[in-house]
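This report describes a single protein chain for a reader who has the sequence and the structure at hand. Please consult both while reading the sections below.

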Amino acid sequence: TWVGTAIVSEDGTSVDITLVIDKAEAGYSGKISDTSGLVPESQLREIVFKDNKLAFELDLAQSMGTTLIKIDLTLDNGALKGAWFDPDGNTGAIELTLKK
């Protein structure tokens, strides 16, 4: 379980998010959510962890349907740092630390 923040808008608004990754026989499974309810708990797919890089996708439920979100993170000194991207070109920074 990893906890931290994601920047969700150009004005720097952030949300506290929780990322849960489990190692399974056939790879990885996981889910992501936030404490404010802006990001409903969403299942992750296409999870790849290789060379200290973690990448995955999710469908973010929104009022107008769902939006594909891709997240690329790098494990560095016990923290996962990177960014999220959507098909419209929006992006924001993410930084997570392992929950103790």
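## Confidence of the model

Within the protein, confidence is lowest in E6, with a mean of 91, and highest in E8, at 97. These values are pLDDT, the predictor's confidence in each residue on a scale from 0 to 100. Over the protein the mean pLDDT is 91, and 100% of the residues reach 70 or more. Strands (E, at least two residues) are DSSP runs and are numbered from the N terminus.

The model is predicted: local features need pLDDT of at least 70, side-chain atom pairs count only at pLDDT 80 or more, and totals for chains, interfaces and linings use all residues. Residues are numbered from 1 along each chain as its sequence is written, and side-chain values use heavy atoms, with hydrogens and water left out.

## Arrangement of the sheet

The model contains an open sheet of 9 strands in the order E4-E3-E2-E1-E9-E8-E7-E6-E5, with antiparallel pairing. Two strands are taken to pair if DSSP finds at least two bridges between them. At the edges lie strand E4 (42–43) and strand E5 (45–50), each of which pairs on one side only.

The antiparallel strands E5 and E6 (residues 53–62) are joined by 4 bridges. Two of the facing pairs are Val48 with Ala55 and Arg45 with Glu57. The hairpin of E5 and E6 has 2 residues between the strands, and Asp51 in the turn has a positive phi of about 50°. E6 then pairs with E7 in the antiparallel sense over 10 bridges, and the hairpin that joins them passes through 2 residues. In this pairing Phe56 stands opposite Ile71.

E7 and E8 also run antiparallel, joined by 7 bridges. The bridge partner of Leu75 in E8 is Leu80. Their hairpin has 2 residues between the strands, and Asn77 takes a positive phi near 50° there. The antiparallel pairing of E8 with E9 spans 7 bridges, with Leu80 facing Leu96 of E9. Here the hairpin has 5 residues between the strands, and Gly89 takes a positive phi near 90°.

## The nonpolar core

The largest nonpolar core has 20 residues, and those with the most contacts inside it are Leu19, Phe56, Leu58, Ile71, Leu73, Ile94 and Leu96. Such a core is a set of buried Ala, Val, Leu, Ile, Met, Phe, Trp, Tyr and Cys residues joined through side-chain atoms within 4.5 Å. At least two residues of this core come from each of strand E1 (2–7), strand E2 (14–24), E6, E7, strand E8 (79–85) and strand E9 (91–98). E6 gives the most, with 4 residues.

Leu96 illustrates the packing. Leaving aside residues up to four places away in sequence, Leu96 touches Trp2, Val3, Gly4, Thr5, Ile17, Leu19, Leu73, Ala79 and Leu80. A contact here means heavy atoms within 4.5 Å.

Thr67 lies in strand E7 (residues 65–76) and counts as buried, at 18% relative accessibility. Buried means under 20% relative accessible area, exposed over 50%, and partly exposed in between (1.4 Å probe, protein chains only). With the same exclusion of residues up to four places away in sequence, Thr67 touches Leu58, Asp59, Leu60, Gln62, Asp86 and Pro87.

## Salt bridges

Side chains of opposite charge can pair when their charged atoms come close. A search of the whole structure finds 4 salt bridges, each defined as a side-chain nitrogen of Lys or Arg within 4 Å of a carboxyl oxygen of Asp or Glu. One of them joins Glu41 and Lys31 (4.0 Å, N to O). Glu41 lies in the loop between strand E3 (27–34) and E4, and Lys31 in strand E3, so the pair ties together parts that are 10 residues apart in sequence. Glu41 is exposed, at 52% relative accessibility, whereas Lys31 is partly exposed, at 31%.

Arg45, Glu57, Asp59 and Lys70 are linked in a network of salt bridges. Arg45 and Glu57 have their closest N and O atoms 3.7 Å apart; this pair links strands E5 and E6 across 12 residues. For Lys70 and Glu57 the corresponding separation is 3.9 Å, and the pair links strands E7 and E6 across 13 residues. Glu57 is buried, with a relative accessible area of 18%, while Arg45 is partly exposed at 32% and Lys70 is partly exposed at 41%.
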